[in-house]
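Here are a few exercises on side-chain contacts. Try each one on the model first, then check the worked solution.

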Amino acid sequence: MRRCQDLAVERMTEVQVKRKTWYDKNAVRRKFQVGDQVLVLATSKPNKMAVQWTGPGVIESQLSDTNYIVKMANKNDKTQIYHVNLLKPYHQRPEKINLLISERKETPEAESDELGISYPTADPNVYDFEEIIRDSALEERLSFLEIEELRKLLGRHQKVFSNEPGKTHLVEHDIELISNNPIRSKPYRTSQRQTEILKA
């Protein structure tokens, strides 16, 4: 009986060593300093769509190699002890500000040339035929006479080839859908900041 007990203890020790070796191989060793900002893993969530990490919190002190006292700003500055496996570093994203300064007043034509934006002309029926030839590479596909015929055709039917979209009552059509059922999308996870804004 004593021999069986010793074998069981020896076997348990071997299994513990193997499991510790396997765990340490994939484990990430975390170490925090006092004043570091961290996120805390939410052990309980009101629903499955809630965020997994809360915070940020601030490390107040270190009790041991694995336990830290963290002060959470969203919990009335209360402190609580957390294991290191429930913490991860918090990296604040840098704020980006887009600023455009213009010292001179520019006309839309000058601004369009500088920014590469083509503003529509006042008359939607006015177009640059030379630009059409250049952009469509018509000279490589049509002869000179065919290009002239195209120029006359566009000139006779300016309203048909207008740049301004229109509508007609002569033709009607139906759009066939795959199904008449409305499209619904599943709810998606929101951050803690977005949740606070929605509840406000």
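A residue counts as buried under 20% relative accessible area, exposed over 50%, and partly exposed in between (1.4 Å probe, protein chains only). You're looking at a predicted model, where local features need pLDDT of at least 70, side-chain atom pairs count only at pLDDT 80 or more, and totals for chains, interfaces and linings use all residues. Residues are numbered from 1 along each chain as its sequence is written, and side-chain values use heavy atoms, with hydrogens and water left out.

**Exercise 1.** Find the salt-bridge partner of arginine 151 and say how accessible both residues are.

*Solution.* Start with the rule: a salt bridge is a side-chain nitrogen of Lys or Arg within 4 Å of a carboxyl oxygen of Asp or Glu. The partner is glutamate 148, with the closest N and O atoms 3.5 Å apart. Helices here are DSSP runs (H or I, at least four residues), as are strands (E, at least two), numbered from the N terminus. Finally, check accessibility: arginine 151 comes out at 31%, so it's partly exposed, and glutamate 148 is partly exposed too, at 23%.

**Exercise 2.** Work out which strands are joined by the salt bridge between lysine 71 and glutamate 60.

*Solution.* First the contact: the two side chains meet at 3.7 Å, N to O. Lysine 71 is in strand β3 (residues 67–72) and glutamate 60 in strand β2 (residues 53–62), so the bridge ties together parts 11 residues apart in sequence. Lysine 71 is partly exposed at 29%, and glutamate 60 is partly exposed at 34%. The salt-bridge count comes to three.

**Exercise 3.** Classify the aromatic pair and decide whether its members are buried or exposed.

*Solution.* Rings of Phe, Tyr and Trp (its six-membered ring) pair if their centres lie within 6.5 Å; planes under 30 degrees apart are stacked, over 60 edge-to-face, and the rest tilted. The structure has one such pair. Phenylalanine 32 and tyrosine 68 have ring centres 5.6 Å apart and planes at 85°, so they're edge-to-face. Phenylalanine 32 lies in the loop between α1 and β1 (37–41) and tyrosine 68 in strand β3, so the pair links distant parts of the chain, 36 residues apart. Phenylalanine 32 is buried at 4%, and tyrosine 68 is buried at 1%.
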